Structures are given as structure tokens and as C-alpha cells.
Amino acid sequence: MYRQHMVRNKNGFTLLEIMIAITILSFIMGIVYSSFSAISESDRRISLASESALKARNFFGLMSREISSIFVPSEPAGAGEKEDRLNYGLICTKEGDLQRIDFTAALSDSGSMSDVALKEFGYYLVSTGAGEGGGHSLFKRIDATPDDDIAAGGVDYFLMDGVSSLRYEFMKNEDELLDEVDASDKASLPKAIRVEISLINAELDIETFSTTISPYLAKTF
């Protein structure tokens with residue numbers, strides 16, 4: 001009996017044992033692959049979300065600095081002088097579903113009060129067509145020589161592609177929000193501006209970010 005047992009072990013594993021081992025190994029590999037895929041997918045989505053969040057944060061940083069510095073004089077010119085004076089303030093117009101915002105702001109490029117200059121700023125979207133992802137391109141306008149037309153002149157700069165929408169809401173009071181505004185004097189400036197931007201990521205998913213900005217400087221003049 002002892003000799004027969006030794007001979008049987010030398011013959012190797014049986015087919016059933018091999019099949020059981022393969023089944024167990026396949027089950028373990030399936031768990032490992034599923035875990036790896038889930039981790040990779042999570043990392044990919046976090047990376048996409050971080051990229052979109054960085055774009056939105058940089059954009060809000062630009063707008064916050066400029067909108068908080070919106071400037072209008074304490075005593076706007078009379079009606080008879082309007083054609084001969086600079087146009088100060090904030091306007092937002094709509095064309096279809098697209099909004100455009102233009103305003104005057106007193107800013108310093110160096111951070112010094114002695115270097116403060118009045119400029120016109122504008123933000124608007126341009127459709128990129130019906131290609132992959134669709135969406136719009138975001139542009140910024142800067143006019144270092146303000147004139148009587150708050151929405152024209154200066155140089156236009158490309159900021160980013162892949163913008164699904166860009167919306168503004170203007171708080172006239174606590175109970176009233178407007179999506180259009182024409183404020184050329186301090187009395188009609190909104191108390192706060194809510195900015196919402198929706199971005200299309202590399203997977204063609206849309207992520208939305210928002211912030212609220214107050215035109216602080218406008219209240220001090």
C-alpha cells in the first residue's frame with residue numbers, strides 16, 4: 001500500500017485538481033483586475049475633475065479681480081454731457097442663449113496705487129461649431145484707452161476652449177436676479193454678480209462651477 005501511494009503521487013495532479021486550481025486563480029485574477037480597473041477609473045475621473053476645476057479657478061480669479069474693481073465716478077455727467085464723456089459702468093447683453101459682459105475697472109498692473117489705471121474689460125463666447133465636443137471658445141477683451149463705447153475697442157485674447165455655457169446673474173436686491181443689466185451710474189450697479197461656467201472635459205462630460213463677486217471698489221467712489 002505504501003509503495004502504491006508513492007507511485008500515484010509521482011503521476012502529478014489529477015484533471016479535477018487542475019480545473020479547481022484554474023478556477024480559483026481565475027476568480028482571484030478577476031478580483032484583482034476589477035480592483036485595478038476601479039482604481040484607474042477613479043484616478044482618471046479625479047484627474048479630469050482637477051483639470052476642469054483648475055480652469056474654472058483661474059477664470060474666476062481673473063473675473064474676481066476685475067469685477068471687484070468696477071469703477072464709476074461719484075457724480076456721473078449730466079445728460080447733455082454724455083456724448084463727450086467716458087462711459088463708465090457695467091453692461092451685460094444677450095444674443096440667443098449667450099451673454100456678454102463689459103465693464104470699466106480701475107486696476108493696477110504692478111499692485112501700486114500710483115499705477116492704477118482705468119480700463120475696459122469684456123468676456124464673451126464664440127461657438128466652435130458642431131465638431132467633437134461642440135461647445136464654445138472663451139475670449140477676453142481689454143481696452144486700455146476707454147471711450148464712450150464700453151463694449152468696443154481694445155484687444156481680444158483667447159482664454160480657453162471647451163466651454164459649454166457661461167452665465168451671469170445680477171443681484172439688484174435680495175429678491176431680484178437679472179440676466180441683463182445696463183449700469184452706467186453707481187445707483188444702478190448690482191450688489192453682487194453670480195458667475196457660472198460649465199466646462200466640457202476630455203470625456204465630453206460637463207462640469208459646472210460658480211462663484212459670486214461683489215463690485216467693492218464701485219461703492220467707495
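Mentor: Let us begin with a term: a residue is called buried when its relative accessible area is under 20%, exposed when over 50%, and partly exposed in between. Please keep in mind that this is a predicted model.

Trainee: Why is Glu 120 called buried?

Mentor: The relative accessibility of Glu 120 is 0%. The cut-off for buried is under 20%, so Glu 120 counts as buried.

Trainee: How do you know that Glu 120 and Arg 141 form a salt bridge?

Mentor: A salt bridge requires a side-chain nitrogen of Lys or Arg within 4 Å of a carboxyl oxygen of Asp or Glu. For Arg 141 and Glu 120 the N to O distance is 3.1 Å, so the pair meets the definition. The two residues are 21 residues apart, Arg 141 in strand β4 and Glu 120 in strand β3 (residues 116–127), and the pair links distant parts of the chain. Arg 141 has a relative accessible area of 2% and is therefore buried as well.

Trainee: What makes the pair Lys 140 and Glu 66 a tie between separate parts?

Mentor: Their side chains meet in a salt bridge, 2.5 Å from N to O. Lys 140 lies in strand β4 (residues 136–143) and Glu 66 in helix α2, so the pair ties together parts that are 74 residues apart in sequence. Both residues are buried.

Trainee: Which classes do Glu 196 and Arg 194 fall into?

Mentor: Glu 196 has 16% relative accessibility and so counts as buried, whereas Arg 194, with a relative accessible area of 29%, is partly exposed. They too form a salt bridge, with the closest N and O atoms 3.3 Å apart. Elsewhere, salt bridges that share partners join Arg 100, Asp 102, Glu 120 and Arg 141 into one network. The structure holds 9 salt bridges.

Trainee: Is Thr 104 buried or exposed, and how do you know?

Mentor: Thr 104, found in strand β2 (residues 98–108), has 0% relative accessibility and therefore counts as buried. The side chain of Thr 104 reaches the backbone nitrogen of Gly 89 at 2.9 Å. Beyond its neighbours within four places in sequence, Thr 104 is in contact with residues including Phe 71, Leu 118, Glu 120 and Ile 150.

Trainee: Why is Phe 27 called exposed?

Mentor: Its relative accessibility is 57%, and the cut-off for exposed is over 50%, so Phe 27 counts as exposed. Phe 27 is found in helix α2 (residues 15–67). Phe 27 is also one of the residues of a nonpolar patch on the surface, among them Leu 16, Ile 20 and Val 32, with about 690 Å² of accessible area together.

Technical notes. Residues are numbered from 1 along each chain as its sequence is written. This is a predicted model: local features need pLDDT of at least 70, side-chain atom pairs count only at pLDDT 80 or more; totals for chains, interfaces and linings use all residues. Side-chain values use heavy atoms; hydrogens and water are left out. Patches are made of residues with over 30% relative accessible area and no salt bridge: like charges are joined within 9 Å, nonpolar side chains (Val, Leu, Ile, Met, Phe, Trp, Tyr) within 5 Å. Accessible areas come from the Shrake-Rupley method with a 1.4 Å probe; for residues, only the protein chains shown count as cover. Helices (H or I, at least four residues) and strands (E, at least two) are DSSP runs, numbered from the N terminus. Buried means under 20% relative accessible area, exposed over 50%, partly exposed in between (1.4 Å probe, protein chains only). A polar contact is a pair of N or O atoms within 3.5 Å; within protein, one must be able to donate a hydrogen and the other to accept it, and residues adjacent in sequence count only if both atoms are side-chain atoms. Contact means heavy atoms within 4.5 Å.
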